[in-house]
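Have the coordinates open while you read. The text moves from strands to rings, then to charges and the disulfide.

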Amino acid sequence: MRHPRTLLAAALGLGLAAVAAAPVASAAPAQSASAPVSSYASVSAYQQSQENAAATKAFQQAVWKEVAKQRAANPGIQVVTVRYNASSAPTFRTQIARSTQIWNSSVTNVKLQESTSGASFSYREGNDSRGSYASTDGHGRGYIFLDYRQNQQYNSTRVTAHETGHVLGLPDHYSGPCSELMSGGGPGTSCQNANPNAQERARVNQLWANGLTGVVNAAR
């Protein structure tokens, strides 16, 4: 359960464009009658808020600072490894693994690696009226929350890859086409693309060029 007074609010959601159910990539646990469910109104309002914008920057900085500490002993490194822990999102293990594979085959200056210790961010799952999002716990650790309802409505691997894109420094761009991963839910539930386009791949490589130089500058 989230504690609003101690955790920075959720950010960077997929951006629901509809609430009609769509085929789910893998079955998600049934929701309880009292569980909050994602809706267009709640997600849309939050994503346009100043709170969302602030949490966006805070999440990226939290992950980057953690990686910087891990890499301080090797300042000349060219390819950064960002470690994540997926143990708190067992329902989405397949989608997380596929998302990692997609990003690792798409970019060259940063790699994602699953780890049970020393992770810079983690994946979590559950029900949230704001949908899926990336955020920070306020203590130098980022996390990606995967909402059950939203992952039933949208291609689940696309949701996961989209949120992981935020870890790598990409912002939301809901007005983009389905071919643009960071357009999130903008193109609607029929969009099945889970791969970043050429511009998104280039941007991530640019940010992570020469180790952490690019992302550190971007965070300022």
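What follows is a walk through the pairings and contacts of this model.

The model is predicted, so local features need pLDDT of at least 70, side-chain atom pairs count only at pLDDT 80 or more, and totals for chains, interfaces and linings use all residues. Residues are numbered from 1 along each chain as its sequence is written, and side-chain values use heavy atoms, with hydrogens and water left out.

Start with the strands. Helices (H or I, at least four residues) and strands (E, at least two) are DSSP runs, numbered from the N terminus. Two strands pair if DSSP finds at least two bridges between them. Strand β1 covers residues 80-88 and runs parallel to strand β2, residues 110-114. Five bridges join β1 and β2. Within this pairing, Arg83 stands opposite Gln113 in β2. Strand β1 also runs parallel to strand β3, residues 121-126, with three bridges joining β1 and β3. Here Asn85 stands opposite Ser122 in β3. In a regular strand the side chains alternate between the two faces of the sheet.

The term means a side-chain nitrogen of Lys or Arg within 4 Å of a carboxyl oxygen of Asp or Glu. By that rule there are two salt bridges. In one of them, Arg93 pairs with Glu114, and the closest N and O atoms are 2.9 Å apart. Arg93 lies in helix α3 and Glu114 in strand β2, so this pair links distant parts of the chain, 21 residues apart. Accessibility is sorted by relative accessible area: buried means under 20%, exposed over 50%, and partly exposed in between (1.4 Å probe, protein chains only). Arg93 is partly exposed at 39%. Glu114 is partly exposed, with a relative accessible area of 39%.

Next come the rings. A pair of aromatic rings is described by the distance of the centres and the angle of the planes. Rings of Phe, Tyr and Trp (its six-membered ring) pair if their centres lie within 6.5 Å; planes under 30 degrees apart count as stacked, over 60 as edge-to-face and the rest as tilted. The whole structure holds six aromatic pairs. One of them is Tyr84 with Phe121, a tilted pair with 5.9 Å centre to centre and 35 degrees between the planes. Tyr84 lies in strand β1 and Phe121 in strand β3, so the pair ties together parts that are 37 residues apart in sequence. Tyr84 is buried at 4% relative accessible area, and Phe121 is buried at 1%. Tyr84, Phe121 and Tyr123 form one aromatic cluster.

Tyr133 and Phe145 form a stacked pair, 5.1 Å centre to centre and 10 degrees between the planes. Tyr133 sits in strand β4 (residues 133-136) and Phe145 in strand β5 (residues 142-147), so this contact ties together parts that are twelve residues apart in sequence. Tyr133 is buried at 1%. Phe145 is buried too, at 9%.

Which charges sit over rings? The rule asks for NZ of Lys or CZ of Arg within 6 Å of the ring centre and within 35 degrees of the ring normal. Arg124 lies over the face of Tyr143, at 3.7 Å from the ring centre. The charged end of Arg130 sits over the ring of Tyr133, 5.8 Å from its centre. Arg130 also forms a salt bridge with Asp128, the closest N and O atoms being 3.2 Å apart. Asp128 is buried, at 6% relative accessible area.

The walk ends at the disulfide. A disulfide is a covalent bond between the sulfur atoms of two cysteines. The rule for finding one is a pair of cysteine sulfur atoms within 2.5 Å. The count is one disulfide. Cys178 is joined to Cys191, with S to S at 2.0 Å. Both cysteines lie in the loop between α5 (156-167) and α6 (198-207), 13 residues apart. The torsion about the S-S bond is about 85 degrees, so the disulfide is right-handed. Cys178 is partly exposed at 27% relative accessibility, whereas Cys191 is buried at 3%.
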